[in-house]
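Reader: I'm new to this one and would like a guided walk through it. Could you show me the structure before I start asking?

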Amino acid sequence: MYYPIQLPFILNEAFTRVMTYREIVIPECSDFVLCFWEMFPKVNEQTRVKNVIIADGCIDLIVDYDQKQLFFTGNQQTDFDYEIETPARFFGARMMPGAFHQLTGLPAAQAMDDFILLQEVFDDLNLETFFALSFEAAKEQFQTYLTKKFSGEQPNEFTKLFPRLAEKIPQTTKELYELLYFSPRQCQRLFAKNFGLTPKMVLSILRFQRCLQILTSNQAKPADILTVTNYYDQPHFNKDFKRHLGITPLELMARYKK
């Protein structure tokens, strides 16, 4: 199973003060859509806050309800500076890595660290009618729309790959190539097309997300994670963790337990 973790309510107190963030899983499309999420203001206050978006290998389909935009986007590395001007309302679908390419036929690399408007890919959603709906009604129609998009589809080998690798993360790219029977060049090309990531990035994201799962479920102490995630030593682990999250494992545990 692969279910990446996003922690805006832990990473930014200013965000938590003014915004609510929620996720919901819909089993009917969980092979392709990990969760549907929403963000909306707690108070009617004009301000700017930063939402930290953790690297997870996913490409989301996002609805900016107030700006009336639907777009696909993902990020290769954690974005510490995604600014939101409140009050603002968003919802979206966090798709399984590989699902974007399977759905659209476009290289995933085009949506990583960039935006692709929905209407540039599909013309079967009337945006004028959609944005005339209330926030709740639009959110419901969005979930129905995307669920139907994947209806009858079976995940291909790449859309199934992150859950497969997450069960036992390869220690090196060489081990990954051997596991998949790909040459390094083949793997680079196929990962760029399906995930918009290099093989090295994929392994780094998988290891880091495994760390988050352990730390946020209180299953282990930070030092115990080394044996689970194939980090070589504690300093390497701490450095990589802070690069992905901006704080140390101990700082995360302290904030999460509050």
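Reader: Thanks! Let's begin with helices: at what angle do α7 and α8 pack?

Author: Keep in mind that this is a predicted model. Helix α7 covers residues 173–180 and helix α8 covers residues 184–194. Their axes are 10 Å apart, and the packing angle is about 85 degrees.

Reader: Are α7 and α8 roughly parallel or roughly perpendicular to each other?

Author: Angles from 65 to 115 degrees count as roughly perpendicular. The angle here is about 85 degrees, so α7 and α8 are roughly perpendicular.

Reader: Which residues of α8 does α7 meet?

Author: On the α7 side, the contact uses L176, Y177 and L180. By class, the contact of α7 with α8 has six nonpolar residues, one polar and no charged ones. The partners in α8 are P184, C187, Q188 and F191.

Reader: How is α7 oriented relative to α9?

Author: Helix α9 spans residues 199–216, and its axis comes within 10 Å of the α7 axis. The two cross at roughly 100 degrees, which makes α7 roughly perpendicular to α9.

Reader: And which residues of α9 make that contact with α7?

Author: From α7 come T173, L176 and Y177. The residues of this contact divide into four nonpolar, one polar and one charged. On the α9 side they are P199, K200 and L203.

Reader: Switching to aromatics, how are the rings of F91 and F135 arranged?

Author: The count of aromatic pairs comes to 17. For F91 and F135, the ring centres are 5.4 Å apart and the planes sit at 75 degrees. Planes over 60 degrees apart count as edge-to-face, so this pair is edge-to-face.

Reader: How many residues apart in sequence are the parts this pair ties together?

Author: F91 lies in strand β7 (residues 90–95), while F135 lies in helix α5 (residues 135–150). F91 is buried at 1% relative accessibility, and F135 is buried too, at 10%. The parts tied together by the pair are 44 residues apart in sequence.

Reader: Which residues do ring pairs link into a cluster with F91 and F135?

Author: F91 and F135 belong to a cluster linked by ring pairs. Besides those two, the cluster holds F36, Y65, F130, F131 and F142.

Reader: Is Q143 buried or exposed?

Author: Q143 sits in helix α5, where it touches I24, I26 and F36, leaving out residues up to four places away in sequence. Buried means under 20% relative accessible area. At 17% relative accessibility, Q143 therefore counts as buried.

Reader: Which residues does H101 contact, apart from its neighbours within four places in sequence?

Author: H101 is in helix α3 (residues 99–104). With a relative accessible area of 15%, H101 is buried. Its contacts are L106, P107, K193 and N194.

Reader: Last one: which residues are joined by a cis peptide bond?

Author: Most peptide bonds are trans. Here omega is about 0 degrees, and the proline involved is found in the loop between β6 (79–86) and β7. The cis bond joins T86 and P87.

Notes: Residues are numbered from 1 along each chain as its sequence is written. This is a predicted model: local features need pLDDT of at least 70, side-chain atom pairs count only at pLDDT 80 or more; totals for chains, interfaces and linings use all residues. Side-chain values use heavy atoms; hydrogens and water are left out. Axes are lines fitted to C-alpha atoms, for helices over the stretch in contact, and angles run from 0 to 180 degrees between N-to-C directions. Helices (H or I, at least four residues) and strands (E, at least two) are DSSP runs, numbered from the N terminus. Angles under 35 degrees count as roughly parallel, over 145 as roughly antiparallel, 65 to 115 as roughly perpendicular and the rest as oblique. Contact means heavy atoms within 4.5 Å. Ala, Val, Leu, Ile, Met, Phe, Trp, Tyr, Cys and Pro count as nonpolar, Asp, Glu, Lys and Arg as charged, and the others, Gly among them, as polar. Rings of Phe, Tyr and Trp (its six-membered ring) pair if their centres lie within 6.5 Å; planes under 30 degrees apart count as stacked, over 60 as edge-to-face and the rest as tilted. Buried means under 20% relative accessible area, exposed over 50%, partly exposed in between (1.4 Å probe, protein chains only).
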